[in-house]
Amino acid sequence: MAGHELNREELLKDSEATLREVAGILLEVWDGKLKKEGVEIPELGNGEGEEVDRNVLDLVAVLLKTYEEIQGILRGIKTGRGILQRAAMERVQKTHHKLEEVTMTTEMAATDMLDGLDKALGLVDAMEPSAEASDDEKKEAGDELREELNRLIILLQFQDITAQQLAHAAGVLSEVEQRLEGLSKLFDLHHLDSEEELLKLVDSAETESVGTFDPSATTDGAESRQALADEVFVSQPPKGNGT
Amino acid sequence: MKFLIVDDSATMRRIVANSLQRIGFQEFDEAANGAEGLTKFDSSVEFVITDWNMPNMSGLEFVKALRERPDGKEVPILMVTTRSVKEDILQAAQAGVNNYVVKPFTPPVLKEKIDQVLDAT
């Protein structure tokens, strides 16, 4: 991988050096230096020499313009690679972790709910009129069933938390999309003059709608997080209604 | 006692309402964000439970706006949210939240915090 990157870097440098060399040689031709140094240029007849000079001048101008444009593109590629790495490595990796967390959370919740439903079905069986159990035992099973069903309702909080995790992941993907869009403009020749402005545009891409979800939403460590909240509210009496 | 439950997740609103019923409270109204919460809040509401991250108007903005209103200065407010960074919790306390519950919560924790707020008022 590192060898590939090195080769690409070397290739870019080589291309740039070659273009500089070609441009230099053409400029020398245009200045007529080779003529002065005794290099023979075929006679083309009356006025034809001047026309060749003009053509060479036009060719040099075109090549110089092309060289500048290619230089701009090379600059864009170099800058863009850094931006892509920043966007892809940091942000997308975080998204990947979030999505893994969602998968884990939903799987755990589903398993927990299936366990709860199994237990509930067992309790329903125990409450059947035909079941060999005393009235007290049936009542106890009914209470336990109610508790289990309520626990299952509470368990559904995972939906709110995973929804926030998914919203965060979607926001990051949208941010990466914005960066890539900005990056593609770097290759647009009409925008070469405002490269700095475009880089600003690419860098300023932000995760959308952060206010509507908590990027750190998690089902983990609820007790310790609640303990921290309790600590803050004990040490920092709330202002407001004077309680 | 009438509760106003403000949360953008319909699932969470039902879970909170279910927990309140288990605790023994039967009357509540619901709002999907802070702006709707402000519209639905009136003098009949005796307790507010709000989430933080919501579209249109966040829970924090809602609390601040409510505390600015003459009829919302004294109402007890409980924030129920996934946000659990110390700075956020401090911010909520300073905005006028009376107590704080971290999601995912259990009904005993919800009851404990509601009781603490009611005891203090």
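This briefing covers the fold of chain B, its contact with chain A, and two backbone features of chain B. The model is predicted. Chain B holds five helices and five strands, and its contact with chain A takes 37 residues from chain B and 30 residues from chain A. One part of the structure treated below is the packing of helix α7 of chain A with helix α4 of chain B.

**Fold of chain B**

- Along the sequence, the elements of chain B follow the pattern β-α-β-α-β-α-β-α-β-α.
- Chain B has 121 residues, of which 50% count as buried.
- Among the contacts in chain B with a separation of 6 or more, 59% come from residues 24 or more positions apart.

**Contact between the chains**

- Chain B gives 37 residues to the contact and chain A gives 30 residues.
- On the side of chain B that touches chain A, the elements giving two or more residues are α1 (10-23), α4, β5 (99-102) and α5 (107-120).
- By residue type, that side of chain B divides into 17 nonpolar, 13 polar and seven charged.

**Packing of α7(A) with α4(B)**

- Two packed helices are described by the angle between their axes and the distance between the axes.
- The crossing in which α7(A) passes α4(B) is right-handed.
- From α7(A), the residues in this contact are Leu228(A), Ala229(A), Val232(A) and Phe233(A); they meet Lys86(B), Ile89(B), Leu90(B) and Ala93(B) of α4(B).
- The residues of this helix contact comprise seven nonpolar, no polar and one charged.

**Backbone features of chain B**

- Most residues other than glycine have a negative phi, and most peptide bonds are trans.
- Lys103(B) and Pro104(B) are joined by a cis peptide bond, with omega about -5°.
- Pro104(B) is placed in the loop between β5 and α5 of chain B.
- Asn56(B) is not a glycine, yet has a positive phi of about 70°.
- The loop that holds Asn56(B) runs between β3 (47-50) and α3 (59-68) of chain B.

Technical notes: Residues numbered from 1 in each chain as written. Chains lettered and ligands numbered in written order. Predicted model: local features only at pLDDT ≥ 70, side-chain atom pairs only at ≥ 80, totals over all residues. Axes fitted to C-alpha atoms, helices over the stretch in contact; angles between N-to-C directions. Helix = DSSP H or I, 4+ residues; strand = E, 2+ residues; numbered from the N terminus. Left-handed = near helix turned anticlockwise from the far one by under 90°. Contact = placed C-beta atoms within 7 Å. Nonpolar A, V, L, I, M, F, W, Y, C, P; charged D, E, K, R; others polar. Buried ≥ 20, exposed ≤ 12 C-beta atoms within 10 Å, placed from the backbone.
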